[in-house]
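Please have a look at the sequence and the structure first.

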Amino acid sequence: MKARFGIVVFPGTNCEMDTYHVLTRVLGQDAAYVWHQDRAPDPYDCLILPGGFSYGDYLRTGAIARFAPVMERVAEHAARGGLVLGICNGFQILCEAGLLPGAFQRNRSLRFVCGWTHVRVERADTPFTAACAPGQVLRIPVSHGEGNYYVDPETLARLEARGQVLFRYATPDGEITPESNPNGSVANIAGITNEQGNVLGIMPHPERAAEAVLGSEDGRLVFLSVIRYLSEGRAVRV
Amino acid sequence: MRYKAEVRVTLKHGVLDPQGATVRSALAALGYEGFEEVRVGKLIELWLEAPSEEAARERVREVGERLLANPVLETFTVQVAPAPAARAPVPGRPAGPGEAGGP
């Protein structure tokens, strides 16, 4: 059975078509766009908040989007154990909404970074990484001005202890070094889940690295993990 | 009564400020010595109607907590003062920020 993905679109979102393309044309799944004003979207197995510049990133990235009507549904879906995946700006929105811990600052360089990064998979026993090998290094691009992830030291210790860090910026060999960190994120964090493990925020763009012609197929593994998890009947529909 | 509020949003103590650090090194490059630390924040001005100054402050504090500052990274202070009454918009012209009672 195909999995059904809802791709949430805010004014200023710009990665929704790439995400739709990968899910439907590349991976053969069902997907539909969900408008930010939609309070009652159709049932979806997984809601995706794609990248972009929702509401122009005014005030702070994700600060306005998190009050959009659709976010109530996203929170309900997450509370019931449904899968939610925030990519880049989607990650920022989930943090602002309190569905994920932490916040984002300007990149340490103060430059917009756009290019390939390597991320190490810290756990392969989650809905978002089950198709990966533990410690596998994925080549996925980033594209952001405010990707500098911050949590206070106590929260960071809790995240680490509970295994909520799923992806870390690394060298191609999987070493965690300051040089492989493109934005200054604490502990080289590139992706985290909530405590329950059903909400993921990831800064690099897996949807931009899902076809060989684009230079990498590694991003597919994130979506394939979700599809596998859902096909095992662990779906919770909105 | 009409009030003007100023919300000053600053980074929490201990949070690194990449913008401030860059401004500081720019100052040093221009030959200005002695600036030990520079931190960049935001000033948000709001005009509102409220029954009292205290009520206006409460209301601004509430939006500060909900929207204007992110408690993970930032803190904020609120200053409220009475503001002159809004001028009526000029007929036939759309009210610009200056006329609808802005600055």
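Predicted model: local features only at pLDDT ≥ 70, side-chain atom pairs only at ≥ 80, totals over all residues.

Chain A and chain B bury about 1,400 Å² between them, and a search of the whole structure finds one cavity of 30 Å³ or more. The largest pocket has a volume of about 370 Å³, and the second largest pocket one of about 180 Å³.

**The interface**

- Chain B brings 17 residues to the contact and chain A brings 16 residues.
- Carbon and sulfur atoms give 63% of the area buried between chain B and chain A.
- B:P18, B:L67 and B:L73 together supply 35% of what chain B buries against chain A, more than any other three residues.
- Six residue pairs are in polar contact between the two chains, counting pairs with both residues at pLDDT 80 or more.
- The rule finds one salt bridge across this interface: B:E74 pairs with A:R60, with the closest N and O atoms 3.8 Å apart.
- On the side of chain B that touches chain A, α1 (18–29), β2 (42–49) and α2 (53–68) of chain B each give two or more residues.
- That side of chain B has 10 nonpolar, three polar and four charged residues.

**The cavity**

- The largest cavity has a volume of about 60 Å³.
- Its lining draws on both chains, with A:R60, A:T61, A:Q92, A:C95, A:E96, A:A103 and A:F104 from chain A, and B:N70 and B:L73 from chain B.
- α3 (89–96) and β5 (103–105) of chain A each supply at least two lining residues, and α3(A) has the largest share with three residues.
- By class, this lining has four nonpolar, three polar and two charged residues.

**The largest pocket**

- The largest pocket is lined by 19 residues, and those closest to its centre are A:R106, A:E146, B:Q19, B:K42 and B:E74.
- β5 of chain A, along with β1 (2–11) and α1 of chain B, each supply at least two residues of the lining.
- β1(B) has the largest share of this lining, three residues.
- The lining has seven nonpolar, five polar and seven charged residues.

**The second largest pocket**

- The second largest pocket, at about 180 Å³, is lined by 13 residues, of which A:Q105, A:R108, A:N148, A:G184 and B:L16 are the closest to its centre.
- β8 (148–150) of chain A and α1 of chain B each supply at least two residues of this lining, and β8(A) gives the most, with three residues.
- Seven nonpolar, four polar and two charged residues make up this lining.

Methods. Residues numbered from 1 in each chain as written. Chains lettered and ligands numbered in written order. Heavy atoms only, no water. 1 Å grid on protein atoms, 1.4 Å probe; cavity = no way out; pocket = protein on both sides within 12 Å on 5 of 7 lines; lining within 4 Å. Points joined across faces, edges and corners; volume = space filled by probe spheres on them. Helix = DSSP H or I, 4+ residues; strand = E, 2+ residues; numbered from the N terminus. Nonpolar A, V, L, I, M, F, W, Y, C, P; charged D, E, K, R; others polar. Contact = heavy atoms within 4.5 Å. Buried area = accessible area lost by both parts, 1.4 Å probe. Salt bridge = Lys/Arg side-chain N within 4 Å of Asp/Glu carboxyl O. Polar contact = N/O pair within 3.5 Å; in protein donor to acceptor, adjacent residues only side chain to side chain.
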